[in-house]
Amino acid sequence: MTATQSGAVSAHNAKVMNRFDLTQRLVAQLKHGEAVIGGIGNANFDLWASGQRPQNFYMLGSMGLTIPIALGVAIAQPQRHVIALEGDGSLLMQIGCLATVAMRMPKNLTMVIWDNGLYQITGSQPTATASTADLVAMARGAGLANSAWAGDEGDFDRMVAGALKGGGPTLIAARIDHKPAVGATDRDPVQIRERFMRGIGVRP
Amino acid sequence: MTKKPTQPAPWYEIVLATLKANEVKLVVYVPDKVFTPLIKAIHADPYFIAFTATREEEAIGIVTGAWMGGMRGAVLMQTSGFGTLPNALASLVVPSQIPALIFVSERGTLGEFNLGQALVCRTMRPVLDSIGIETHTITRYDELEFIVDRSIKQAVATQAPVTFILSPLLTGGKVFQH
């Protein structure tokens, strides 16, 4: 049984997992130069700590624009799979982007949402997902039918493997604990952008 | 019998042709009444990938990703929409050196009837100046192609964004209706 097929896993019975562990599990499945766009803050930091693949882009500002940036890369490079790593607070800030993704239906885009119910990096104030909002329900409402909670680590691995087959945009939401990120990125936006463009073959 | 003089192409066809000539394939926009003929013409041309974003900064994110993936992109919006952009420009586009091509339909001046538009309009150029984004206000038809064409080339060559503010003097603007 997978959550994607059954829809049985809800935000309330999904296992609380660890972001760095899941990030490493995700990266371990990337064998075809997949692009990964890390959202500002801890999503980025754990991506950095998981190994600095040249196809990783670390967004240092512009909270909320992870998925829009990933959509842009996916449009420009339809043969390459693109993964956005975004937090619950960031997604809430630019939730309309899910409607845009649904309208475009890119086959090569996967959105991974780390939901700890916190604005963790700014002092751990609760987000709306800690009490009332369900990001998977919101994504489905936006038109992204292939949106689901990962029930546990094995479920997450299977959902990632399914998403990487490229059948359509997939949103995988994971409930995560309150542990801080393991690393921290460099802070040079030009170097980060340039390395990424070389990594995905845009620059020689 | 003399041949009837041909009508010059409307402003929006000049913009469309100049985008195409410069291989700007992606156009993401939040709609604007004055830009409607431009948006329609872009959608009618299969060269372009064109769609709406729910918010102007989202459009900026999308063209940023596209540029990094090897595709040039422009965003279209009206003046009030520009008001949503300062963070995306100052924390993404400028520091990452992204040649985002930003077209703004100018509201808030030359006959504006909505006070909110007029006030947002006053914030636009100071914001652009403060973060050093090259900005051209285009008022004249005969300068349109030159400014847009050369500025797109400069944006790409220098890896810097550029803003084109299309004045009601060029587009006709939006007229108050009782």
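1. A residue is called buried here if 20 or more other C-beta atoms lie within 10 Å of its own, exposed if 12 or fewer do, and partly exposed in between, with C-beta atoms placed from the backbone. The model is predicted, and local features need pLDDT of at least 70, side-chain atom pairs count only at pLDDT 80 or more, and totals for chains, interfaces and linings use all residues. Residues are numbered from 1 along each chain as its sequence is written, while chains are lettered from A and ligands numbered from 1 in the order in which they are written.

2. Helix α7 of chain A spans residues 135–142, and its buried residues are A:L135, A:V136, A:A139 and A:A142; helices (H or I, at least four residues) and strands (E, at least two) are DSSP runs, numbered from the N terminus. Seen down the axis of α7(A), these buried residues fall within an arc of 120 degrees, so they line one face of the helix, the arc being that of the directions from the helix axis to the C-beta atoms. An α-helix has 3.6 residues a turn, so residues three or four places apart point the same way.

3. The cover over the buried residues of α7(A) includes α5 (88–93), α6 (97–104), β4 (109–115), β7 (147–149) and β8 (170–175) of chain A, where contact requires C-beta atoms, placed from the backbone, to lie within 7 Å. After α7(A) comes A:G143, with a positive phi near 110 degrees.

4. Chain A has an open sheet of 6 strands with parallel pairing, in the order β2-β1-β3-β4-β8-β7; two strands pair if DSSP finds at least two bridges between them. Its edge strands are β2 (56–58) and β7 of chain A, each of which pairs on one side only. Within chain A, strand β3 (residues 82–87) and β4 pair in the parallel sense over 6 bridges, and A:V82 has A:L109 of β4(A) as its bridge partner.

5. A:T170 lies in strand β8 of chain A and counts as buried because it has 25 C-beta neighbours inside 10 Å. Leaving aside residues up to four places away in sequence, A:T170 touches A:T110, A:N146 and A:A163.

6. As for the interface, 27 residues of chain A are in contact with 25 residues of chain B. On the side of chain A that touches chain B, α4 (66–76), α6 and α9 (189–199) of chain A each supply at least two residues, and the largest share, 8 residues, comes from α4(A).

Definitions and conventions: Contact = placed C-beta atoms within 7 Å.
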